[in-house]
Amino acid sequence: MLREKSETVNDKVLPLLNEIGIGPGFTMGDLLEAIAILVIIIGIIAFTLSAIGGFGACCKNRVLLIIYGIGVILIGAAEIFVLKAWTDLKKELNETIKSTLLKLLNDYEGNTDDILTIAWNFVFLLFDCCGVNTQSSVDDFSTSTWASTTRGTDVIPGWCCKEATIDTASSLYGTNCTITPTSSNSYIETGCYTAIEKILTTYSSTFISICTIILLVEIVAVICAVVMVIQITNDVTSNRNREGIVLHTINKTSPDV
């Protein structure tokens, strides 16, 4: 989801994600990096196994086909484990992420060079959201550092305005959008918790669907590999039997010396 923007934006948002703990010594930022690495590793392993399986099928090599079948089974088991872990993790995220985001928003300063504040601003811009909850119903910024310093008459930061860009957002304070925000000129109706949750749900559904399809393909591949191994074994046995019969016939018909 972060790759929809430039790497600069990604770097700005990651400090906030790294503050969202989702386990002992593990953050949401770590999770995104782990998923990216996992996808690369699975891709490499899948490519290698495909090469082994293809070579084994072409050459009718039982050893390679057995290695391919075992490898596919192990990958399938790993995918089931990852799916289960992701489901449990998503439940935990839903339960803890909102309270964590609200605590982190208390340190929001508006337009400053604070790393966490910059991360919040880019989250508003990147996810088309504002605050944590729907700001038309509750003021999440009321307990923030921004509220007690430079907020003034602004209801929302300029980064929550629909007209905001990376270059103009910081100069939108004191405008119609920030003082009297509406659903037409700002993202006051979309809290960032809801926006992030929707994105996680979308990616989760896509991830689960892809893994399910891969698992089904892997099951078919294993069945095919087993069938080929059995066929090759039967062919080898049949050839040996024929060779044995031929040798027996030759020995039987050859004159004694």
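Modeller: Helices are DSSP runs of H or I with at least four residues, numbered from the N terminus. This is a predicted model, in which local features need pLDDT of at least 70, side-chain atom pairs count only at pLDDT 80 or more, and totals for chains, interfaces and linings use all residues.

Biologist: Which helix gives the largest share of the lining of the second largest pocket?

Modeller: A pocket is an open set of points on a 1 Å grid where a 1.4 Å probe fits, with protein on both sides within 12 Å along at least five of seven lines; lining residues have an atom within 4 Å of a point. About 180 Å³ of space lies in this one. Ala46, Ser50, Ile75, Ile214 and Glu218 are the closest to its centre among 14 lining residues. H2 gives the largest share, six residues.

Biologist: How many aromatic pairs are there, and why is the pair of Tyr108 and Phe141 called tilted?

Modeller: The structure holds seven. Rings of Phe, Tyr and Trp (its six-membered ring) pair if their centres lie within 6.5 Å; planes under 30 degrees apart count as stacked, over 60 as edge-to-face and the rest as tilted. For Tyr108 and Phe141, the centres are 5.6 Å apart and the planes at 55°, so this pair is tilted.

Biologist: What makes Asp139 and Arg151 a salt bridge?

Modeller: The term needs a side-chain nitrogen of Lys or Arg within 4 Å of a carboxyl oxygen of Asp or Glu. Here the closest N and O atoms are 3.1 Å apart, and Asp139 forms a salt bridge with Arg151. Both lie in the loop between H4 and H5, so the pair ties together parts twelve residues apart in sequence.

Conventions:
Residues numbered from 1 in each chain as written. Heavy atoms only, no water. Points joined across faces, edges and corners; volume = space filled by probe spheres on them. Helix = DSSP H or I, 4+ residues; strand = E, 2+ residues; numbered from the N terminus.
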